[in-house]
Amino acid sequence: MAFEITNEMLVGSLMPVIVYWVYGGLYTILGYTCNNYRLHPKEDEDEKNFASKKTVIKGVLGQQFRQFIATNLLYMITRGNDAEASSGQSTSFFVIARQFVVAMFVFDTYQYFLHRYLHQNKFLYKHLHSKHHRLVVSYPFGAIYSHPIEGLLFDIIGGTMAIYISGMSPLTSAFFSSFCNMKSVDDHCGLMLPWNPFHIFFTNNTAYHDLHHQLYGGKYNFSQPFFSIWDKILGTYMPYSLEKREEGGFKLRPLKEFKN
């Protein structure tokens, strides 16, 4: 069978990229107008972070290019199975919903244990994961900023595993990957908006992940991007409260003492 990139494959690999920048752009605009819902003052994005926004944008574009290549290779390798899966009953809402749930659980489980190990292993943290934590005050389009090897481990291998195990077709996987990108952008947007549907359906939200990005939170709240179940089961969950700042916005406060 000759390998070729079809329109369905292009949609599957390009849609998540477009969604990432459109959704991230929306949150960037809101960041200038919704100061009463910010977790950090706007100026902290430049003053407290250890990577410039230019560097972050270049890193994210590089990661998305690698994801584009990997996604299309996956589609070409599994094309026969996808063709069968996309025919007949597999396009029903029930099947797609089941695939989403399976993929979310697989992705969450994989990311929790990998994420936790990258923090516990000092060598891997120093040489890989610390790059993502250069953003102490995270912002929307920095959501997938990371070391290329970490990007391969987290998003490319993890996403591929979730898509393959759940049996998604290229088109379904495009919506799933776009959904993951939206959730990741949301987790890093720095805004606790009251009407945000992600905050209604997921306790693992912007504040939850922002706590992990703080210098005191590196041993807690590893779960991402959807559920907090593994943190709660394995004792790495850090509860928190949100307090209003006098100058506007929220202050994140942990509710128990941190381990050294």
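**Note on salt bridges, cores and rings**

1. E243 is partly exposed, with a relative accessible area of 31% (buried means under 20%, exposed over 50% and partly exposed in between, with a 1.4 Å probe and protein chains only). R253 is also partly exposed, at 36% relative accessibility. The model is a predicted one, in which local features need pLDDT of at least 70, side-chain atom pairs count only at pLDDT 80 or more, and totals for chains, interfaces and linings use all residues. Residues are numbered from 1 along each chain as its sequence is written, and side-chain values use heavy atoms, leaving out hydrogens and water.

2. The side chains of E243 and R253 form a salt bridge, at 2.7 Å from N to O (a Lys or Arg side-chain nitrogen within 4 Å of an Asp or Glu carboxyl oxygen). Because E243 belongs to strand β1 (residues 240-244) and R253 to strand β2 (residues 250-254), this pair ties together parts that are 10 residues apart in sequence (helices, H or I of at least four residues, and strands, E of at least two, are DSSP runs numbered from the N terminus).

3. The structure holds seven salt bridges. E45 takes part in one with K42, at 3.1 Å from N to O, and in another with K53, where the closest N and O atoms are 2.9 Å apart. E45 is buried at 4% relative accessible area, whereas K53 is partly exposed at 24%. A network of salt bridges links R38, K42, E45 and K53.

4. The largest nonpolar core has 32 residues, and those with the most contacts inside it are Y20, Y27, V56, F176 and L191 (such a core is a set of buried Ala, Val, Leu, Ile, Met, Phe, Trp, Tyr and Cys residues joined through side-chain atoms within 4.5 Å). Two or more residues are given to this core by each of α1 (7-33), α3 (53-77), α5 (93-120), α7 (148-166) and α8 (170-187). The largest share, five residues, comes from α5. A second, separate core of 10 residues includes Y208, Y220, F250 and L252.

5. Y27 touches P140, V185, D186, C189, L191, L193 and N196, not counting residues up to four places away in sequence (contact being heavy atoms within 4.5 Å).

6. Among the 17 aromatic pairs of the structure, Y23 and Y27 are edge-to-face, at 5.2 Å centre to centre with 85° between the planes (Phe, Tyr and Trp rings, the last by its six-membered ring, pair if their centres lie within 6.5 Å, with planes under 30 degrees apart stacked, over 60 edge-to-face and the rest tilted). These two tyrosines are four residues apart in helix α1, so that about one helical turn separates Y23 from Y27. Y23 is buried at 15% relative accessible area, and Y27 is buried at 4%.

7. F202 and F226 form a tilted pair, at 5.7 Å centre to centre and 45° between the planes. The pair links distant parts of the chain, 24 residues apart, with F202 in the loop between α9 (197-201) and α10 (206-213) and F226 in the loop between α10 and α11 (229-234). F202 is buried at 10% relative accessible area, and F226 is buried at 0%. Ring pairs join both to F100, F107, F176, F179, F198 and F227 in a cluster.

8. K183 lies over the face of F202, 5.5 Å from the ring centre (NZ of Lys or CZ of Arg within 6 Å of the ring centre and within 35 degrees of the ring normal). The charged end of K244 sits over the ring of F250, 4.6 Å from its centre.
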